[in-house]
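Here are a few exercises for working through a protein model by hand. Try each task before reading its solution.

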There are 2 protein chains.
Amino acid sequence: MPDQTETRTIEWIGGVDGFVRLIDQTRLPGELVFRECRTVEEVWEAIRSLRVRGAPAIGIAAAMGALLGLHQHVAEGPVALGERLREASARLRTSRPTAVNLFWALARVERSLKQATESGCSGDKLVSRLLDEAREIGEEDRRVCLAIGDSGAHLVGEGCGVLTHCNAGALATADYGTALAVLYRAAENGRRFKVYADETRPLLQGARLTAWELQRRGIDVTLICDNMAAQVMKEGRVQLVIVGADRIAANGDTANKIGTYGVAVLARAHGIPFYVAAPASTFDLSLADGSAIPIEQRDPREVTHGFGKATAPEGVSVYNPAFDVTPATLIEALITEVGVIRPVNEEMIRGMIGLRDQTEQ
Amino acid sequence: MPDQTETRTIEWIGGVDGFVRLIDQTRLPGELVFRECRTVEEVWEAIRSLRVRGAPAIGIAAAMGALLGLHQHVAEGPVALGERLREASARLRTSRPTAVNLFWALARVERSLKQATESGCSGDKLVSRLLDEAREIGEEDRRVCLAIGDSGAHLVGEGCGVLTHCNAGALATADYGTALAVLYRAAENGRRFKVYADETRPLLQGARLTAWELQRRGIDVTLICDNMAAQVMKEGRVQLVIVGADRIAANGDTANKIGTYGVAVLARAHGIPFYVAAPASTFDLSLADGSAIPIEQRDPREVTHGFGKATAPEGVSVYNPAFDVTPATLIEALITEVGVIRPVNEEMIRGMIGLRDQTEQ
């Protein structure tokens, strides 16, 4: 495994007057370029434009992004500071409406401000404390991803084929990833296997990011177009499917990148187990099921002009949902840092996630 | 409907010393450019590079292509002419191995040569007779496409949503198309409906060609990425799926553009009827089932460099089958010029197609 410090997905550089540095994922796989964000607006744009993407990474970016420029206002006192933070949070919440980690991470920074203020903390020290909290969200995510990997690694059998969709890898998190953490840990345990990566239209996160990071870490990866998944399954090349998640309802219904639901239906039709790997922070137990998860609709030009030139006739109608919801009934198990949840139902989820959720909040 | 003479997919221009003119479909939807082919090799390249594609159109192109330059050899006598034609045919057969119409059309021209020679025809007159035969293949295809459309038009209910994959339209045939003929005829009968066109990676025939020709003919079309088909079905937007075919085995197993099989599985899972529209010439009754249909594997760069720039990391493995086979059990009916074949099984197919096939050969 290469030195990960070189390719840290997202990082706060410097002290309270520092900035957010993140890999500009829109430039991959061609170039590994870092982008420095010094304002809330720049982070909003980075999230919106998918320079940083993946539910956990978005959470970390938002938590750090909300603190940008905050130190300039310490003289105004904790109340004004709180207002500024809430303004920044409100703005950042509009960047990607589907990712629950975004809301969760921002709420956590706001809670931290409240606690720090109540304990008499103020000035640069207060900002520094919030910064520690944002950094801790990143560090926790790294530990959580490792734990997800360890929970699920045994599911990857020797010599098997694994299909994944979009990018739920190191680039989507602080490190390791969620779905890909399972593969990285299996590989670290000496397991040999083959990965089929759906390219994942329209934005090709599978081709650009998953293939890139798996190749970089020495995992045997084969790229396919999304519409080849069924054929690859039919040919017996795939023994399990693992994907990440953007939001999971209390009953296990899972919102993830568009195309995930189709892959789940195909996996079921071929008798292949379909797994979702995600941290507890991705669960939204306030939603009874997936029907209430908002589905972000994105710019038609992602479909018609995705590659720098028009690939469809001028003026054609386009439907471009960014996510879909896979019903719990199609999911064999949820792989989390607190263990594998199987069967996937509300009782099991509340039993393993609900408790932790209450403790934390 | 606009004047179709303007946009004839493929045409022989001139007399025995003429040439083949075809729409260069690789330039669509940006530009409507015609390509003139004056040698067998140029037609081979046009088929291989998908400047002309779609099983019926390939058949017409090959039949015409095999005659290019033939008139220069009339002085050598009918035997030499026959050899030249067989050479040209052999070369053209290697251009796309999956499309049975290619073989069928070339065999038909060769048979015509034999008959003409036996009846004492020679010289330019012989070439002219072959040319009539090749043109007749095109004219027949036009009539056949219309008949397919008329067979299936009643299946398109008022106000329904139709999903199609790849391009089985006017651009894939002499005119009208197969799957799209059904839609064009339904529209001509006053039916209003909405079409969802899968963009169809890697070469985007759905985005570039189907969206283009439906839009041109005033049909309400919405472009989606292939991986959105499941979601569109789940949302109740689709009441039927119609696709074309490259080859159909005696039991109804159908080879068509990669991704078709996946769409059929998804349609079944959502209780949506899945139809295949194809001329009798697409049936290959010598194959008991789809397992013997050769699946063309194409250049990995279609997947990694499909849009003029690299969209995947250098050196990544790619799996790029051009076709898949949909089992007959997933097909609600086959829509042909001789009527709708339902249920799809060998007895029904031999009953409706087999008889015709024997009469003709």
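The exercises below concern a predicted model, and each is followed by a worked solution.

**Exercise 1. Find how helix 2 of chain A and helix 4 of chain A are oriented relative to each other, and which residues make the contact.**

Step 1. Start with the axes: those of helix 2 (residues 55–65) and helix 4 (residues 100–118) of chain A come within 8 Å and cross at roughly 30 degrees.

Step 2. Now classify the angle. Angles under 35 degrees count as roughly parallel, so helix 2 of chain A and helix 4 of chain A are roughly parallel to each other.

Step 3. For the handedness, helix 2 of chain A passes helix 4 of chain A in a right-handed crossing.

Step 4. List the contact residues. Helix 2 of chain A contributes A:Ala55, A:Pro56, A:Ile58, A:Gly59, A:Ala62 and A:Ala63, while helix 4 of chain A contributes A:Asn101, A:Leu102, A:Ala105, A:Leu106 and A:Val109.

Step 5. Sort them by class: the contact of helix 2 of chain A with helix 4 of chain A has nine nonpolar, two polar and no charged residues.

**Exercise 2. Do the analysis for helix 2 of chain A and helix 5 of chain A.**

Step 1. These helices of chain A pack at an angle of about 165 degrees, and their axes are 8 Å apart.

Step 2. Angles over 145 degrees count as roughly antiparallel, so helix 2 of chain A is roughly antiparallel to helix 5 of chain A.

Step 3. The crossing of helix 2 of chain A with helix 5 of chain A is left-handed.

Step 4. On the side of helix 2 of chain A, the residues are A:Pro56, A:Ile60, A:Ala63 and A:Met64; they meet A:Ala134, A:Arg135, A:Ile137, A:Gly138 and A:Asp141 in helix 5 of chain A.

Step 5. By class, the contact of helix 2 of chain A with helix 5 of chain A holds six nonpolar, one polar and two charged residues.

**Exercise 3. Describe the packing of helix 4 of chain A against helix 5 of chain A.**

Step 1. Helix 4 and helix 5 (residues 123–152) of chain A pack at about 145 degrees, with axes 10 Å apart.

Step 2. Their crossing is right-handed.

Step 3. Among the residues that meet are A:Trp104, A:Arg108 and A:Leu113 of helix 4 of chain A, and A:Leu126, A:Arg129 and A:Glu133 of helix 5 of chain A.

Step 4. The class count for the contact of helix 4 of chain A with helix 5 of chain A is eight nonpolar, two polar and five charged residues.

**Exercise 4. Is helix 7 of chain A mostly covered or mostly open, and what covers its buried residues?**

Step 1. Check the length. Helix 7 (residues 205–216) of chain A has 12 residues and reaches 15 Å from its first C-alpha to its last, close to the 16 Å expected.

Step 2. Count the buried residues: 10 of the 12 are buried, and helix 7 of chain A is mostly covered. Among the buried ones are A:Arg208, A:Trp212 and A:Glu213.

Step 3. Look for the cover, which includes strand 4, helix 6, strand 5, strand 6 and strand 9 of chain A.

Step 4. A:Leu180 is buried, at 0% relative accessible area. Beyond its sequence neighbours, A:Leu180 touches residues including A:Thr210, A:Glu213 and A:Leu214.

**Exercise 5. Which residues does A:Leu266 contact, leaving aside its neighbours within four places in sequence?**

Step 1. The contacts are A:Ala230, A:Met233, B:Gly262, B:Val265 and B:Leu266.

How values were computed
Residues are numbered from 1 along each chain as its sequence is written. Chains are lettered from A and ligands numbered from 1 in the order in which they are written. This is a predicted model: local features need pLDDT of at least 70, side-chain atom pairs count only at pLDDT 80 or more; totals for chains, interfaces and linings use all residues. Side-chain values use heavy atoms; hydrogens and water are left out. Helices (H or I, at least four residues) and strands (E, at least two) are DSSP runs, numbered from the N terminus. The expected span of a helix is 1.5 Å times one less than its number of residues. Buried means under 20% relative accessible area, exposed over 50%, partly exposed in between (1.4 Å probe, protein chains only). Contact means heavy atoms within 4.5 Å. Axes are lines fitted to C-alpha atoms, for helices over the stretch in contact, and angles run from 0 to 180 degrees between N-to-C directions. Angles under 35 degrees count as roughly parallel, over 145 as roughly antiparallel, 65 to 115 as roughly perpendicular and the rest as oblique. A crossing is left-handed if the near helix is turned anticlockwise from the far one by less than a right angle, and right-handed if clockwise. Ala, Val, Leu, Ile, Met, Phe, Trp, Tyr, Cys and Pro count as nonpolar, Asp, Glu, Lys and Arg as charged, and the others, Gly among them, as polar.
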